[in-house]
Amino acid sequence: MIGTNFGIFRPANASSTSNGPTQNSTSNTGNPIQEGSQLSDFLLQLEDYVPTVPDPVTAFYLNSAGFDSNDPRIVRLISVATQKFISDVANDALQHCKTRTNNQQNGSAKMIKPKDRKYTMTMEDLAPALADYGITVRKSQYFP
């Protein structure tokens with residue numbers, strides 16, 4: 001079923017051999033007790049992790065959107081998800097920037113070594129990266 005593992009790879013049980021699984025081996029997804037322990041282990045690891053987006057900033061925006069939670073683990077989980085989203089968008093924008101600059105370099109006579117190249121994120125790169133996630137960004141009419 002799509003979405004049941006949320007992109008998490010779970011290897012086969014330790015009871016399986018190199019020749020293949022034995023008759024007694026079962027899938028990890030069928031045991032709710034084991035899944036609950038994995039979730040509790042993840043929440044314990046989450047308490048020690050400090051995300052890039054601070055918890056008070058996440059809590060402020062959650063409260064302004066009408067979401068109120070007294071559990072700091074929920075706020076931390078949303079902070080981690082926000083960090084992942086921002087990282088993905090920035091990476092996609094970097095790929096758009098590299099493609100755009102490579103296309104511009106092919107048309108010019110002066111070639112710059114890729115090692116010496118510095119990239120600047122612009123709206124030309126950020127807009128298509130956000131469009132991949134369904135977010136439409138338009139420039140204001142006041143700025144060229």
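A residue counts as buried under 20% relative accessible area, exposed over 50% and partly exposed in between, using a 1.4 Å probe and protein chains only. Before going further, note that this is a predicted model: local features need pLDDT of at least 70 and side-chain atom pairs count only at pLDDT 80 or more, while totals for chains, interfaces and linings use all residues. Residues are numbered from 1 along each chain as its sequence is written, and side-chain values use heavy atoms, with hydrogens and water left out.

Let's start with the rings. A pair of aromatic rings is described by the distance of the centres and the angle of the planes. Here, rings of Phe, Tyr and Trp (its six-membered ring) pair if their centres lie within 6.5 Å; planes under 30 degrees apart are stacked, over 60 edge-to-face, and the rest tilted. Searching the whole structure turns up two aromatic pairs. One joins Phe60 and Tyr61, edge-to-face, with 5.1 Å from centre to centre and 80 degrees between the planes. The other is Phe85 with Tyr133: the centres are 5.4 Å apart and the planes sit at 75 degrees, so this pair is edge-to-face too. It links distant parts of the chain, with Phe85 in helix α3 (residues 72-107) and Tyr133 in the segment after α4 (123-131), 48 residues apart. Helices here are DSSP runs (H or I, at least four residues), as are strands (E, at least two), numbered from the N terminus.

How accessible are these ring residues?

| Residue | Relative accessible area | Class |
|---|---|---|
| Phe60 | 53% | exposed |
| Tyr61 | 55% | exposed |
| Phe85 | 33% | partly exposed |
| Tyr133 | 36% | partly exposed |

Phe85 and Tyr133 turn up again in a nonpolar surface patch, along with Ile86, Met123, Ile135 and Val137, with about 460 Å² of accessible area together. Patches take residues with over 30% relative accessible area and no salt bridge, joining like charges within 9 Å and nonpolar side chains (Val, Leu, Ile, Met, Phe, Trp, Tyr) within 5 Å. A salt bridge puts a side-chain nitrogen of Lys or Arg within 4 Å of a carboxyl oxygen of Asp or Glu. The areas come from the Shrake-Rupley method with a 1.4 Å probe, and for residues only the protein chains shown count as cover.

Helix α3 also holds Gln95, which is partly exposed at 40%. Gln95 and Ala129 are 34 residues apart in sequence, yet 8.8 Å apart in space, C-alpha to C-alpha.

Leaving aside residues up to four places away in sequence, Thr58 touches Val53, Val75, Ile78 and Ser79, where contact means heavy atoms within 4.5 Å.
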